[in-house]
Amino acid sequence: FFQAEDGIRDQPRARGLGDVYKRQALDLLDRYGEDAWRLAGGYDSLDWLKNRSRGASAVIDLEGLEELKGIRETENGLEIGAMTTLTEIENSSIVQQRFGLLAEAASQVASPQIRNAGTIGGNLAQDTRCWYYRYGVNCYRAGGNSCYAAAPEAMNREHAIFGASRCVAVTPSDCAPAVVALDAEIVIRSRRGERIVRANNFFMQPSVDIRRMTVLEPEELLTAIRLPNGWSGASFYFEKVADRNVWDFPLVNVAASFRMEGSTVEEARIVCGAVQCVPRRIEEAERLVRGQLRSEQVAESAGAAAVEGAEPLNYNHFKVPLMENLVKRAVRGV
């Protein structure tokens, strides 16, 4: 078990020491690679380790990396450190005023206790919640040769209605659709340097790599989320439907941003979560609302477009009308 500051505790707290800590964390990730485990808030991590369905040669505690915490204004928008807690984002006046969609999404995650420790980076990078995968079944995602959740008798009520490619697991994050709808940038660091990935491209399609939920490589660290000024102050809508009001993952959620010109939609981004392995951006619905008033007729068309091509499993047919209605409500702005 390593903390990012291990080995340099006796050095004076000086300007730039955060860079030393971050560099050490990157060195550890580079050294241990796939055998390393990044520990942020710890809620997803401890669940995995407690069930003994995952293990690691090294657990790297990121708590000491102050540089990865906080919300900062930049010339181009806001930058949120990956170790910033969901409660901080939920309660931040500047996030509420300029990017209220993310503040609302963060406020819907789990429970207050979890949001007090859970981080935005951990919420975006968390693994899927598929029952079979998480409890040790040797499915495709775990390196096997079958998807047990797709079987006719399987427990697949929470699973995908779009984009299945062998695996039918979904992204469980509430913040993921929001950052995609805000066209955010994800900042990733390794010893080789920094790369920036659009939020839309951060999440991994199972058809590309069925073993990963994001594009993060083993030696890389998610360091920040950047929200561009282009969507600052946009009209937004977020709604989550779950079995319980707290401490639960979405059955379906929707995040939408609308840039308005008077009463007309100038530009829109509409994204649903928990319907596919990645946040599902609904570009046809966006096209239908662009240049239109947010009317009932436009909402009906957008909702119908959102679920076109859905392929539900035996026990999740309810997600189709649920998703359709959430998109309608987002367009209406209820």
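Modeller: A residue is called buried when its relative accessible area is under 20%, exposed when that area is over 50%, and partly exposed in between, with a 1.4 Å probe and protein chains only. This is a predicted model, in which local features need pLDDT (the predictor's confidence in each residue, from 0 to 100) of at least 70 and side-chain atom pairs count only at 80 or more, while totals for chains, interfaces and linings use all residues. Residues are numbered from 1 along each chain as its sequence is written, and side-chain values use heavy atoms, leaving out hydrogens and water.

Biologist: Over which residues does pLDDT stay under 50?

Modeller: For the protein as a whole the mean pLDDT is 92, and 94% of the residues reach 70 or more. Where pLDDT is low, the predicted coordinates should not be read in detail. That caution is for the stretch where the value stays under 50, namely residues 5-17.

Biologist: How many disulfides does the structure hold?

Modeller: A disulfide is a pair of cysteine sulfur atoms within 2.5 Å. C167 is buried, at 8% relative accessible area, but its sulfur is 5.5 Å from the closest cysteine sulfur, in C147, and therefore too far for a bond. C139 is also buried at 8%, and its sulfur is 6.1 Å from that of C130, its closest, which is again too far. The number of disulfides is zero.

Biologist: Which residue in β5 does R72 stand opposite?

Modeller: Five strands form an open antiparallel sheet in the order β4-β5-β8-β6-β7, where two strands pair if DSSP finds at least two bridges between them. The edge strands, each pairing on one side only, are β4 (71-74) and β7 (193-198). β4 pairs with β5 (residues 77-81) over four bridges, and the residue in β5 opposite R72 is E79.

Technical notes. Helices (H or I, at least four residues) and strands (E, at least two) are DSSP runs, numbered from the N terminus. Contact means heavy atoms within 4.5 Å.
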